[in-house]
Amino acid sequence: MGYITSELLEETGYVVLDSYDQPIDPKEWLDIEYVDWKSSGDTRFAPLASAKGEIECNGFWNHKPPRTDKDGVWIDSQTAIAPTLTARAKEPGSNVGRCRVIELQPNTYADALYNLHQDDNNRLNPDGTGWVVRSFFNLTDDKDSFFVLRHNRTDPSGETRIALPAGAQLVIDTQRLWHAAAHFGDEPRYCLITSWESGPELDAYLEKYHARKHVDSVEVPQDVLDAGQAEQSRRIAAREAALRARGQQEKLAMSEA
Ligand SMILES: [Fe+2]
């Protein structure tokens, strides 16, 4: 039967929507409760919706009973502080799974390349229902930072780098594309990440905000790209050697953001 997917995401695996142009009080992401949750990079997360409405970030498939990344339970104590973010996550009207704000400390392009991963949003997702994709709504005005997207973790050809000013909104098939953020500066980056189920509601939302399947990559000097690629190779090799020494294998797919 197969999953219900968005035609707009078929070609490139991502779309960039119109930027959100309304001001949001930073208290909405600064005053909610964060938990330490190791993801790609130095991160903390503040869930707005979780598996059971508790302030934790585990994949829904790790709960009992295990289930896919849908039917997230809103956390009243968090949504009361972040009403605009909650409304934005609910805006398409599609099923919402995990919904959380990520706090990412500054890093480098090489860090982002090493952190590239695929998500696990569709584990246990029943055949014939909507494929789970993810929305990234950038909250802080990280003009020089960018999201890195690749079809293959270690292959730079076809890499896309999407700018992350405040209000930038991307919808990405994060189980298909390798992804991570390169975030520069002195302050953490905050971004609302929401798991949305594909279907007619999401399609209408993507069209309403003029989803673009292709954007120009952020320009980065070739020597920086080359150095980042070399550093990624070095770190992957070092990690594989360390894991081999322990008799383990590299874990390529991460389950979180
Ligand atoms: Fe991810």
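The model is a predicted one, with local features needing pLDDT of at least 70 and side-chain atom pairs counted only at pLDDT 80 or more, while totals for chains, interfaces and linings use all residues. Residue numbers start from 1 along each chain as its sequence is written.

Of the contacts with a separation of 6 or more, 79% link residues 24 or more positions apart, a contact being two C-beta atoms, placed from the backbone, within 7 Å.

As for secondary structure, the chain has six helices and eleven strands, read as DSSP runs numbered from the N terminus (helices: H or I, at least four residues; strands: E, at least two). Strand E3 (residues 43-50) is largely enclosed by the rest of the structure, because seven of its eight residues are buried. Its pairings, each needing at least two DSSP bridges, go to several strands. With strand E5 (residues 96-104), E3 runs antiparallel over six bridges, and here Ala49 sits opposite Cys99. Two bridges tie E3 to strand E2 (residues 35-36), again in the antiparallel sense, with Val35 and Phe45 as bridge partners. Strand E4 (residues 73-74) also pairs antiparallel with E3, over two bridges; Ser50 has Val73 as its partner there.

Elsewhere, three strands make an open, antiparallel sheet in the order E8-E7-E10. Strands E8 (160-164) and E10 (178-182) are the edge strands, each with a single partner, so one side of each has no neighbour in the sheet. Neighbouring strands in this sheet are turned by 25° against each other on average, direction ignored, with axes fitted as lines to C-alpha atoms (for helices, over the stretch in contact) and angles running from 0 to 180 degrees between N-to-C directions. Strand E7 (residues 142-150) pairs with E10 through five antiparallel bridges, and Leu149 stands across from His179 of E10.

Terms used: A residue is buried if 20 or more other C-beta atoms lie within 10 Å of its own, exposed if 12 or fewer, and partly exposed in between; C-beta atoms are placed from the backbone.
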